[in-house]
Amino acid sequence: MSRFYENEIKENIPTPPRPDYDEMWLRIDREAAKRRATGVVRTAPPARSRKKFIPAAIVFSCFMVAAVPVFAGVSFDWGKLYGGQSITNALDNDIGQRYDDLDVASKGVTMSLKGVVTDGERMKLLVVVDTPMKPSEYDEARFDHVVIKDDSGKKLPVNGYLKYDEKSGKLLGIYETEDTLKNSEKNYTLEAVKLVYLKNKEVVLKEAPKAGETVSTGEALYPSFKIESVRESQNLTDPMDQKGLIVRYNLTTTDEKTGGNYSPHLTVVSNREETKNVRTFIFPPKGTEMKREQLFNNMTEKEWSGSEVHFNYLKEMERIEGDWSLHFKADGKKASEAVYSKPLQTTTEFKDKAAMSLDHLTVTPLQIIVNAKDNETVTNGVVRDKYAISQYRDARLKIGDQEITGYYTTKGDFPNNKDVFVFESPEWYKDWSKVPMKLILRKPVVSARDIKANWLELNRPTAEKQSGDLDVNSFKLHFTYYMDGKDLVVESVCNSENFKNMSQSMLRVDGEYMYAEYNPSNIGFDMPSKKIERYPDFSMKQSLEINPGFYSYYDSSREAEITLQQ
């Protein structure tokens, strides 16, 4: 079986989104980038420290409740599911509800609800599915449709996944929806229909396809794909990442409605070993065409041409036409009472390094949340002429002497959304006010803009290529420009490994600003080393200048730490 599938699909642990900014569309694109969960194949979250530490003051004052997963017991290994530990921690401390005999059977499959925990924003449910299918007969099982209904009949969509648990021999699931319970008691119905079993289908291609080549797969759902480009990556999103090979291709599906749901992807076998797929970026589909881009770690074009390439996807093996309904009562009062919240003060040193402020700490039964706010870049809808904000690829929270890994994301709906750092609660303390916490931010990438400076004067463009260099921060940007018919074409490149990308350049033509034709780029990982932009129907009278516009770069000097509470 494909190792890609084992790591990315079978484990099916949803990594919280780690946003990438395209600063050109500062408000809309930044929002979309943070929510691009459907844009990147999810990978297992980084391992976190399991070391236990109990501050002496808390031990002697009996403030801490031991985080032994009593609820999990020996029956189910909830800790293997992302978020499972925090849910069982809450249930073990009588926050939320446990259910011992809440189950229903349909078509030979039994579905059970084992627990419910809310935190004021999300309601999370622990589900067990007992099925006669042997684990060797499928790689993934999923319900076609899951909803929750309240007493009024209002339906709420439910997101979640199932994962096989070797300890119990059953499928375990964590499902979540909006928390409409809040500080009250309500009746709900959890409804699920049609259990589908999927197995990885692997098609071995005759040879590694080349750029421009169309490949037939022989599969009805995905009959063919066309390789758009195969190129080596020289500068990944994180400069500390290793180099690799980027393969972009257009995949054709016969079902444009659901074709993207079955994890179509390529795998590569080189020197008898499968080359690890680091990331997959999924572009928005266009009808029956789906564009993918995969990065293969430590691989070259030469190795690709001599490799064995496989096409993989999840193929439906069996469908159980069942209907499962579970009625339950939940009480959100204890969960509401358990929420700990405090305002935060941001030091001047942290503001200067991180280019952001922290204004609130919230600990819920499920998460630890630190609210953050960038130094203001927009005033009354107008982007500031000059600014620099930091984005961190490595966010950690130190609790006592243990560190846990979190992520940066957005909570709430635009325009009332909030930027937050989120961490899964590793323990449960009765009194969180006495727990030392420190936020540690590493791997900073700075997104910047400066149209008060950073201008390079250009000659009148002709069909012959001309060039010029511009010093920006500590980087040298090289521009090449020429006329292609009526259009001005600008090529830009920076060979520094710490310079990430330039989102979109801008011109000042006879004193007036002009932007290049917008061409969406993959910002899921590295940008092309050379960026090519087009200014249609270009004309000028006297002066021409170019500015890199929004650009980003790695800056280790912006690594930051701040004590949230002592």
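Hi everyone, here is a short tour of one protein structure, from its overall make-up to a few of its side chains.

Before we start, this is a predicted model, where local features need pLDDT of at least 70 and side-chain atom pairs count only at pLDDT 80 or more, while totals for chains, interfaces and linings use all residues. Residues are numbered from 1 along each chain as its sequence is written, and side-chain values use heavy atoms, leaving out hydrogens and water.

Let's begin with confidence. pLDDT is the predictor's confidence in each residue, on a scale from 0 to 100. The protein has a mean pLDDT of 82, and 82% of its residues reach 70 or more. Please be careful with two stretches. Over residues 1-74 pLDDT stays under 50, and the model has 186 contacts beyond four places in sequence for them; a contact means heavy atoms within 4.5 Å. Over residues 522-528 pLDDT also stays under 50, with 34 contacts beyond four places in sequence.

Now the overall make-up. There are seven helices and 37 strands in the protein. These are DSSP runs numbered from the N terminus: helices are H or I with at least four residues, and strands are E with at least two. Of the 566 residues, 52% are buried. Buried means under 20% relative accessible area, exposed means over 50%, and partly exposed is in between, using a 1.4 Å probe and protein chains only. Among contacts with a separation of 6 or more, 71% come from residues 24 or more positions apart.

Let's zoom in on helix α4. How many of the residues of α4 are buried? The helix covers residues 84-92, and nine of its nine residues are buried. They pack against β2 (97-98), β4 (109-118), β5 (122-130), β9 (170-178) and β26 (418-424). After the helix comes D94, with a positive phi near 60°.

Next, a sheet. Six strands form an open sheet in the order β7-β6-β10-β18-β14-β15, with antiparallel pairing. Strands count as paired if DSSP finds at least two bridges between them. Why is one side of β7 and of β15 left without a neighbour in the sheet? Strands β7 (155-157) and β15 (273-275) stand at the edges, and each has a single partner strand, so one side of each lacks a neighbour there. From one strand to the next, the twist averages 30°. For that angle, axes are lines fitted to C-alpha atoms, for helices over the stretch in contact, and angles run from 0 to 180 degrees between N-to-C directions.

Inside this sheet, β10 (residues 185-204) and β18 (residues 308-331) run antiparallel and are joined by 19 bridges. V203 stands opposite F311 in β18, and K186 has A330 of β18 as its bridge partner. Strand β6 (residues 140-150) also pairs with β10 in the antiparallel sense, over 10 bridges. There, V147 stands opposite E191 in β10.

On to the aromatic rings. Rings of Phe, Tyr and Trp (its six-membered ring) pair if their centres lie within 6.5 Å; planes under 30 degrees apart are stacked, over 60 edge-to-face, and the rest tilted. By this rule there are 21 aromatic pairs. F281 and F283 have ring centres 4.8 Å apart and planes at 75°, so that pair is edge-to-face. Both F281 and F283 are buried. F499 and Y551 make a stacked pair, 6.2 Å centre to centre with 15° between the planes. F499 lies in β33 (residues 499-509) and Y551 in β36 (residues 544-554), so the pair ties together parts that are 52 residues apart in sequence. Our friend F311 turns up again here, in one aromatic cluster with Y222, F225, Y249 and Y313.

Some rings also have a charge over them. That requires NZ of Lys or CZ of Arg within 6 Å of the ring centre and within 35 degrees of the ring normal. K291 lies over the face of F283, 5.5 Å from the ring centre, and the charged end of R508 sits over the ring of W455, 4.1 Å from its centre.

Our last stop is T480, found in strand β31 (residues 475-484). Is T480 buried or exposed? With 14% relative accessibility, T480 counts as buried. Beyond its neighbours within four places in sequence, T480 is in contact with K465, Q466, S467, V489, V490 and E491.
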